[in-house]
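Please examine the sequence and the three-dimensional structure shown here before reading further. The paragraphs below it are meant to be read with both in view.

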Amino acid sequence: MHETVYPTLDIARFRFRFAIVDARTSASLSSRYLGSAWRGSFGHALRQSVCVTKASTCDGCGLVETCPYPTIFESRTPTNATKLSRYPFTPNPYVLEPEALQDKVISLGIVLIGQAAKQLPVVSVALERAAETGLTERRVRATLQSRTREQIIGPSRWTDELEAPAQAIEAGRCPERVRIRLMTPLRIKEHGRFVGAKEFRFRAFAANLLRRISLLTHFFGAHEVEADFRKILSQAAQVDLNKAHLTWRDQTRFSSRQGTGMKLGGLIGEFEISLQGIEFLWPCLLIGQWTHIGKNCTFGLGRYVIEPIGKDANLSWLTPAPLQENTHNKLVSQDRSWQSG
């Protein structure tokens, strides 16, 4: 018999805006997904900003438990960990949320989880240096225009108050039905293969969600998820997808190591589900809007939002504020699409 403990995870989300230095170079960014470029530049700039040993690796460094670089970018499994004890690294306590170039301005969101939120000063310096050094193999340079913070409690909005503490997301009443919109490609695996549009079932989504929230709350949260996961996933397997419009979309990223462009595909679209019988997932579903799920979620993939439908259409709950005003992520139908309902 498992005692149910709902997740508690403190989250802080920030928005950085950068202006392209040379407008002639901006065209090279218009068709590119910048998540991988931001992650690589951010990691390099963060190490340069805080590392005092200038060693090529953190292995064997006496400062590894206190240095901001491994804490944020290469989070290591504690020696006394009861989860992932056979693995050297844990999920990293950050998520990058790049937006498409708009009017020569790049908007970048970053979610900092748990104690990582206290590292905002070094994160800010690293992102500013990353932009000034240049993004992608073309080294497109940009300068910082503004920094704002998301006010999560109440209607989500952006505020200039940067120093407020991280906030826990309160679930509130569980609705009966919701629509889940996949805003960036969702990459989840079953039986060693990425799940395509035709094979997608809610159980795979729920399994990835539970694993991610469970690990994040275990290593960075106040209250870890505790429940009968096997029972929950068995119930999730019975959930039908309604009005599902799902498409496999390939994003292009540049690999500096291989010196070539690579495709990074995943599912995008939307589907509706009933939460009756799986109410435990509601707090996890809400938090997952900020943490993302699936592979490569630290640089922005697996981002989704929840919308109310049916008799709960007027019910309000927390949804991340958009990074760009008066714009919405468009779900573009492409080849290999699948629809149901």
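The structure is a predicted model, in which local features need a pLDDT of at least 70 and side-chain atom pairs count only at pLDDT 80 or more, whereas totals for chains, interfaces and linings use all residues. Residues are numbered from 1 along each chain as its sequence is written, and side-chain values use heavy atoms, with hydrogens and water left out.

The pLDDT is the predictor's confidence in each residue, on a scale from 0 to 100. Its average over the chain is 86, and 90% of the residues score at least 70. In residues 327–341, however, the pLDDT is below 50, and this stretch has 36 contacts in the model beyond near neighbours in sequence. A contact means heavy atoms within 4.5 Å.

The chain contains 6 helices and 13 strands. These elements are DSSP runs numbered from the N terminus, with helices (H or I) of at least four residues and strands (E) of at least two. Among the contacts with a separation of 6 or more, 72% join residues 24 or more positions apart. Of the 341 residues in the chain, 51% are buried; a residue is called buried under 20% relative accessible area, exposed over 50%, and partly exposed in between (1.4 Å probe, protein chains only). The accessible surface of the chain is about 16,800 Å², and carbon and sulfur atoms account for 47% of that surface. Such areas come from the Shrake-Rupley method with a 1.4 Å probe, and for residues only the protein chains shown count as cover.

Leu-34 is found in the loop between β1 (10–20) and α1, and Leu-34 is buried because its relative accessible area is 4%. Leaving aside neighbours within four places in sequence, Leu-34 has contacts with Leu-29, Pro-98, Ile-106 and Thr-136. The C-alpha atoms of Leu-34 and Leu-96 are 9.8 Å apart, although 62 residues separate the two in sequence. Ala-37 belongs to helix α1 itself, which covers residues 35–50. With a relative accessible area of 17%, Ala-37 is also buried. Outside the four places on either side in sequence, Ala-37 is in contact with Leu-135 and Thr-136. Between Ala-37 and Gly-134 there are 9.4 Å from C-alpha to C-alpha, and 97 residues in sequence.

Which residues of helix α6 are buried? They are Leu-281, Trp-282, Pro-283, Cys-284, Leu-285, Leu-286, Ile-287, Gly-288, Gln-289, Trp-290 and Thr-291. Because 11 of the 11 residues of α6 are buried, the helix is largely enclosed by the rest of the structure. After α6 comes His-292, which has a positive phi near 60 degrees. Arg-303 lies in the loop between α6 (281–291) and β12 (304–308), and Arg-303 counts as buried because its relative accessibility is 9%. Not counting residues up to four places away in sequence, Arg-303 touches a set of residues including Glu-97, Glu-99, Arg-181 and His-292.

Lys-54, in the loop between α1 and α2 (68–72), is exposed at 58% relative accessibility. His-191, in the loop between β8 (189–190) and β9 (193–194), is exposed with a relative accessible area of 83%. Phi is positive in both residues, near 60 degrees for Lys-54 and near 55 degrees for His-191, and neither residue is glycine.

Finally, the open space in the model may be considered. A pocket is found on a 1 Å grid over the protein atoms alone, as an open set of points where a 1.4 Å probe fits, with protein on both sides within 12 Å along at least five of seven lines; lining residues have an atom within 4 Å of a point. The largest pocket holds about 760 Å³ of space. It is lined by 24 residues, and the closest to its centre are Pro-91, Arg-212, Gly-294, Lys-295 and Cys-297. Helix α4 (residues 202–220) gives the most to this lining, with 5 residues.

Definitions and conventions
Grid points are joined across faces, edges and corners, and a volume is the space filled by probe spheres set on the points.
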